[in-house]
Amino acid sequence: MSANEDQEMELEALRSIYEGDESFRELSPVSFQYRIGENGDPKAFLIEISWTETYPQTPPILSMNAFFNNTISSAVKQSILAKLQEAVEANLGTAMTYTLFEYAKDNKEQFMENHNPVNSATSISNIISIETPSTAPSSKKKDKKEQLSKAQKRKLADKTDHKGELPRGWNWVDVVKVFKQNWL
């Protein structure tokens, strides 16, 4: 079989295997992402596999550059990619995307044993808290109410009751006028 036929068969198999799996994502017909671990798990990571034109005779492109992986140190990422690359070399010539995802799921704890989360979330919250005071004065200016003249205030007071609400049916007169014009 040609590389394209192998890819089509593997694509069909992946779609049927991972149908309804929230961890699997097909970015394109030749590029896939799989989240290893649960969403809130600090040891969860995302693997992206992209097929080359001659895949599976040539190895796919493995990546962990997704934003989801920002809390993982580059040394741990390189370690995971190196172990996955060994699995790629062992399976060269066969459809291996499913095998690689399952290998990563089975060895998640081993892959992440040296993982110490990088606190990018802390630095982001620090940036937000630092920027918040500087934006606060400008928001006060936006909250400032429009100044009304005495005549505008008097007109508004005449239209509303003591609670500042318009009386029931205040706009019915306009509806009656429209009906009169259309029916006569």
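## Getting started

Helices (H or I, at least four residues) and strands (E, at least two) are DSSP runs, numbered from the N terminus. Ser28, for instance, lies in strand β1, which covers residues 24-28.

What you see is a predicted model, where local features need pLDDT of at least 70, side-chain atom pairs count only at pLDDT 80 or more, and totals for chains, interfaces and linings use all residues. Numbering runs from 1 along each chain as its sequence is written, and side-chain values use heavy atoms, with hydrogens and water left out.

## The overall layout

The chain has seven helices and four strands. Along the sequence, they come in the order α-β-β-β-β-α-α-α-α-α-α.

Of the 184 residues, 28% are buried, meaning under 20% relative accessible area with a 1.4 Å probe and protein chains only; over 50% is exposed, and anything in between is partly exposed. Back at Ser28, the relative accessibility is 26%, so this residue counts as partly exposed. Its C-alpha atom is 8.9 Å from that of Ser50, which sits 22 residues away along the chain.

## The nonpolar core

Here a nonpolar core is a set of buried Ala, Val, Leu, Ile, Met, Phe, Trp, Tyr and Cys residues joined through side-chain atoms within 4.5 Å. The largest one has 27 residues, and those touching the most other members are Phe45, Ile47, Ile80, Leu84, Leu100 and Phe101. At least two core residues come from each of α1 (3-17), β2 (31-36), β3 (45-50), α2 (74-90) and α3 (97-106). The top contributor is α2, with six residues.

What does Phe45 contact, leaving aside neighbours within four places in sequence? Its partners include Tyr34, Ile36, Met64, Phe68, Ile80, Ala104 and Phe111, where contact means heavy atoms within 4.5 Å.

## A closer look at α2

Which residues of α2 are buried? They are Val76, Lys77, Ile80, Leu81, Lys83, Leu84, Ala87 and Val88. These cover an arc of only 160° around the axis, so they sit on the same side of α2; the arc is that of the directions from the helix axis to the C-beta atoms. They pack against β3, β4 (61-63), α3 and α4 (108-111). On the face turned away from the buried side, α2 carries the exposed residues Ser74, Ala75, Gln78, Glu86, Glu89 and Ala90.
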